[in-house]
Amino acid sequence: MTAAPAKKRLRWQVILSIVLVLFGLSKITHGIGIVMLIVGLALAYWGYTRLRYNQNVWPQLYSDWQLKFLCNKCGTVFVNQPSYTSPADEEVASTVE
Ligand SMILES: [Zn+2]
């Protein structure tokens with residue numbers, strides 16, 4: 001995978017759930033109003049789970065992706081670890097000092 005991980009979209013879930021809940025409440029005495037209200041609330045909950053994904057899961061996926069690089073010669077994806085220093089590097093550093 002080379003593309004950045006995508007956030008989950010939730011705009012239409014939010015709009016549709018608000019519309020369904022409002023229409024459902026305005027027609028609450030009819031059967032269709034209750035159905036609309038239930039569907040609207042289910043949609044709102046689905047949107048909420050997508051919001052939680054964007055807030056809790058996506059940031060880690062994105063920061064993992066930020067550390068990955070694709071080699072244009074061989075197509076290998078490798079992970080850059082800025083904090084990592086190999087024992088060989090430390091040896092060189094101590095020799096210099
Ligand atoms: Zn390569």
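Trainee: In what order do the elements of the protein chain run from the N terminus on?

Mentor: The order is α-α-β-β-α. Keep in mind that the model is a predicted one.

Trainee: How do you know that the span of helix α2 agrees with its number of residues?

Mentor: Helix α2 covers residues 31–66, which is 36 residues. At 1.5 Å a residue it should span 52 Å, and its end C-alpha atoms lie 51 Å apart, so the two values agree.

Trainee: Where in α2 does a kink lie?

Mentor: The kink is at Trp-58, shortly before the proline Pro-59, and amounts to about 45 degrees.

Trainee: Which residues of α2 are called buried, and what makes a residue buried?

Mentor: They are Met-36, Gly-40, Leu-43 and Gly-47. A residue is buried if 20 or more other C-beta atoms lie within 10 Å of its own, so each of these four residues reaches that cut-off. In the protein chain, 7% of the 97 residues count as buried.

Trainee: What do the buried residues of α2 pack against?

Mentor: They pack against α1, residues 11–26. On the α1 side, the residues that meet α2 include Leu-16, Leu-20 and Phe-23. On the α2 side, the residues that meet α1 include Met-36, Gly-40, Leu-43 and Gly-47. As background, an α-helix has 3.6 residues a turn, so residues three or four places apart point the same way.

Trainee: Why is α1 called roughly antiparallel to α2?

Mentor: The two helices pack at an angle of about 155 degrees, with their axes 7 Å apart. Angles over 145 degrees count as roughly antiparallel, so α1 is roughly antiparallel to α2.

Trainee: Which hand does the crossing of α1 and α2 have, left or right?

Mentor: The crossing of these two helices is left-handed.

Trainee: Why is Asn-54 called partly exposed?

Mentor: Asn-54 belongs to helix α2. Within 10 Å there are 15 other C-beta atoms.

Trainee: What does Asn-54 touch, not counting residues up to four places away in sequence?

Mentor: Asn-54 touches Lys-7 and Lys-8. The C-alpha atom of Asn-54 is also 8.9 Å from that of Arg-9, a residue 45 places away along the chain.

Trainee: How many of the contacts between residues at least 6 apart in sequence join residues at least 24 apart?

Mentor: In the protein chain, 47% of those contacts do.

Methods: Residues are numbered from 1 along each chain as its sequence is written. This is a predicted model: local features need pLDDT of at least 70, side-chain atom pairs count only at pLDDT 80 or more; totals for chains, interfaces and linings use all residues. The expected span of a helix is 1.5 Å times one less than its number of residues. The bend at a residue is the angle between axes fitted to the seven residues ending there and the seven starting there. A residue is buried if 20 or more other C-beta atoms lie within 10 Å of its own, exposed if 12 or fewer, and partly exposed in between; C-beta atoms are placed from the backbone. Two residues are in contact if their C-beta atoms, placed from the backbone, lie within 7 Å. Axes are lines fitted to C-alpha atoms, for helices over the stretch in contact, and angles run from 0 to 180 degrees between N-to-C directions. Angles under 35 degrees count as roughly parallel, over 145 as roughly antiparallel, 65 to 115 as roughly perpendicular and the rest as oblique. A crossing is left-handed if the near helix is turned anticlockwise from the far one by less than a right angle, and right-handed if clockwise.
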